[in-house]
Amino acid sequence: MLLALTCAPAALAQVSDADRATARSLAVEGQESLDRKDHAAALDRFRRADAIIHAPTLLLGVARAQVGLGQWIAAQESYSRILREGAPEGSPEPFFEAIAAAQRELDALAPRIPQVLLSVRGPDAADVTIDGEPVPRAALGVRRPVDPGEHTVRATAAGFAPVEVKLTLAEGARETVALELTPLAPPPSASPPPLARAPGAGPVASGSGTRTTLAIAALGVGGVGLAAGAVGGLLAVGKHSDLSERCPGNRCDPSLQGDVDTYHAMGTLSTIGFVVGAVGVGAGAFLLLTAPRSPQRAGISITPVIGLGSAGAKGSF
């Protein structure tokens, strides 16, 4: 095989002596690597030699190294290339011997190559890969030659959850892999839909509802406070009149001390009630008057109301 490089046909006459010597040296190293089953080194040396002087003898070394590495699909193509290209008339006899050897080794290799049939259920179109290499959609559903060993098959499609299958293919295996893609769950809504509003309703002012509620609550508290203050004041006045009659000169009998304490408590209650009422009514009025206006609130009015035993405020909103 190696001597054939020195007696190549006329097409090789264009190669310099230095290149011819380099290719011969690489071929020797490649054959030695094959003999000691260092297939990676053999593949590197034969490829380099064939790149300098392309010959069936060197390409045969490439194919044999690929078989040793388990790259059977690549080796099948290398053998087939030798057979397709052949050798021109007048080529060295080793060239024809290499072609014959390629045919024998290809016939022996072909039935040993594993095959896998890939099918996808789910979407009409899916992207399928074997070990990261894309598989044409036209190749789905038919047997596909694959190198022996471990492989990862993955299928993806827009709107579907990806699916991945790992398998180990033995020599001569025939496997079927069914990939079923399931639709992804729809993402949760980012925000609730807006509330429906009656036709013709005006725009809602931001925060106006909350301010109105607080204002009404404050007015309610203020009304209760004013009412409590008024009632407490009236009772205190009545108790004061009673004590004035029973305590001439503001001097009361010790036995009336309880009535005196009651009078003072009523006065204190009346004062607290009026203070709370004034604060509540003032706060409520302020919140209503400063709240954002909407068409429905254009006619707000507040009127204080004080009567016998009661006090508060009334308004229209």
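Where do Glu85 and Arg81 lie, and how many residues apart are they? Both sit in helix α4 (residues 72–85), four residues apart, or about one turn of the helix; helices here are DSSP runs of H or I with at least four residues, and strands are E runs of at least two, numbered from the N terminus. The model is predicted, so local features need pLDDT of at least 70 and side-chain atom pairs count only at pLDDT 80 or more, while totals for chains, interfaces and linings use all residues. Residues are numbered from 1 along each chain as its sequence is written, and side-chain values use heavy atoms, with hydrogens and water left out.

Glu85 and Arg81 form a salt bridge, with the closest N and O atoms 2.8 Å apart (a side-chain nitrogen of Lys or Arg within 4 Å of a carboxyl oxygen of Asp or Glu). Glu85 is partly exposed at 42% relative accessibility, and Arg81 is partly exposed at 32% (buried is under 20% relative accessible area, exposed over 50%, partly exposed in between, with a 1.4 Å probe and protein chains only).

Asp50 is buried yet has no salt bridge, and Arg81, the nearest side chain of opposite charge, is 4.7 Å away (Lys and Arg count as positive, Asp and Glu as negative; His and the chain ends are not counted).

Searching the whole structure turns up nine salt bridges. One of them joins Glu105 to Arg64 at 2.7 Å between the closest N and O atoms. Glu105 is in helix α5 (residues 93–109) and Arg64 in helix α3 (residues 56–68), so this pair ties together parts 41 residues apart in sequence.
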